[in-house]
Amino acid sequence: MVRVVIVGQDPYHGFGQANGLAFSVPSRIGIPPSLANMLKEAGAWPAFHGDLTSWAQQGVLLLNTVLTVAEGQPMSHKSLGWERLTDAAIRAVNREREDVIFLLWGKEAQAKARLVDEGRHVVLTAGHPSPLSYERYFKGCGHFHKVNELLSSRGEPQITWNLPAEASAASGLPA
């Protein structure tokens with residue numbers, strides 16, 4: 001069940017980094033700076049890995065606005081059609097669920113706010129957690145704390161932002 005949607009821009013563009021969940025990386029891959037900044041903001045740093053499967057298992061949809069990139073070329077597949085699919089996913093969550101918390105990080109993600117009925121859902125925006133905008137536009141946004149406050153106020157379990165010591169414990173996949 002989707003309770004929170006985190007929208008980013010595009011997958012990591014380094015070889016072997018992307019694993020299908022926005023901001024997440026396979027456990028054997030070093031933690032990219034954007035993810036490290038997120039984990040710092042969540043109070044979940046340091047972490048042993050960057051596999052966010054445990055978040056997904058708690059109802060956090062980790063979605064990028066674009067789903068592929070050419071290696072070493074961020075946003076290289078923008079405007080190739082992925083936006084139609086990711087817009088449809090956001091519209092479906094908006095239509096089918098109630099009281100979802102949308103976290104839209106960066107300009108590409110913030111543009112998706114138009115797809116969300118803010119009378120039925122909560123939308124929180126901040127800059128992208130990349131090192132280029134972290135200090136000025138993401139650090140201190142308090143989104144992780146706000147999410148848990150909102151969930152608690154509804155009587156729902158909070159999201160455990162700390163990652164398990166071993167990624168395989170979270171995903172059921174070999175580390």
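## Strand pairing in the sheet

In this predicted model, strands β1 and β2 run parallel and are joined by five bridges. One of the pairings along them places Val4 with Val60 of β2 as its bridge partner. β1 also pairs with β3, again in the parallel sense, over four bridges. Here Ile6 stands opposite Leu103 in β3.

Taken together, four strands make up an open sheet with parallel pairing, in the order β2-β1-β3-β4. β2 and β4 are the edge strands; each has a single partner, so one side of each has no neighbour in the sheet. From one strand to the next, the twist averages 15 degrees. Although β2 stands at an edge, four of its five residues are buried, so the rest of the structure largely encloses it.

## Helices across the sheet

Helix α3, residues 82–96, lies across β1, β2 and β3 and runs at about 155 degrees to β2. Helix α6 lies across β1, β3 and β4, and its direction is at about 170 degrees to β3.

Helix α1 is mostly covered, with seven of its nine residues buried. These are Ser34, Leu35, Ala36, Asn37, Met38, Leu39 and Glu41. The cover over them includes α2, β3, α5 and α6.

In soluble globular proteins, nonpolar side chains tend to be buried together. The largest nonpolar core of this model has 31 residues, and the ones with the most contacts inside it are Ile6, Met38, Trp55 and Trp105. Two or more residues of this core come from each of β1 (4–8), α1 (33–41), β2 (60–64), β3 (101–105), β4 (122–126), α5 (134–138) and α6. Another core lies apart from it and has 13 residues, including Val7, Leu63, Ala113 and Leu115.

Leaving aside residues up to four places away in sequence, Trp105 touches Ile6, Val7, Gly8, Phe23, Met38, Ala126, Gly127, His128, Pro129, Phe138, His143 and Phe144.

## Aromatic residues

A pair of aromatic rings is described by the distance of the centres and the angle of the planes. Counting rings whose centres lie within 6.5 Å, the model has seven aromatic pairs. One of them is formed by Trp55 and Trp161, an edge-to-face pair with 4.8 Å between the centres and 85 degrees between the planes. This pair links distant parts of the chain, 106 residues apart: Trp55 is in helix α2 (residues 53–57), while Trp161 is in the loop between α6 (143–153) and α7 (167–171).

Both partners are buried: Trp55 has a relative accessible area of 0%, and Trp161 has one of 6%. They belong to one aromatic cluster, together with Phe23, Trp105, Tyr134, Phe138 and Phe144.

## The loop between β1 and α1

Asp10 lies in the loop between β1 and α1. An unreviewed UniProt entry lists Asp10 under "active site". In the model, Asp10 has a relative accessible area of 13%; the limit for a buried residue is 20%, so Asp10 counts as buried. Apart from residues up to four places away in sequence, Asp10 touches Asn64, Val66, Val69, Pro74 and Met75.

## Backbone exceptions

Most residues other than glycine have a negative phi, and most peptide bonds are trans. Phe23 has a positive phi, near 75 degrees, and is not a glycine. Asp99 is also not a glycine and has a positive phi of about 55 degrees. Asp99 is placed in the loop between α3 and β3 and is partly exposed, with a relative accessible area of 40%.

Two further features follow α1. Gly43, just after this helix, takes a positive phi of about 75 degrees. Trp45 and Pro46 are joined by a cis peptide bond, with omega of about 5 degrees. Pro46 lies in the loop between α1 and α2.

Terms used. Residues numbered from 1 in each chain as written. Predicted model: local features only at pLDDT ≥ 70, side-chain atom pairs only at ≥ 80, totals over all residues. Heavy atoms only, no water. Phe/Tyr/Trp six-rings, centres within 6.5 Å; stacked < 30°, edge-to-face > 60°. Buried < 20%, exposed > 50% of the residue type's maximum accessible area, 1.4 Å probe, protein only. Core = buried A, V, L, I, M, F, W, Y, C linked by side-chain atoms within 4.5 Å. Contact = heavy atoms within 4.5 Å. Pairing = 2+ DSSP bridges. Axes fitted to C-alpha atoms, helices over the stretch in contact; angles between N-to-C directions. UniProt positions renumbered as here; feature names shortened; annotations may be inferred.
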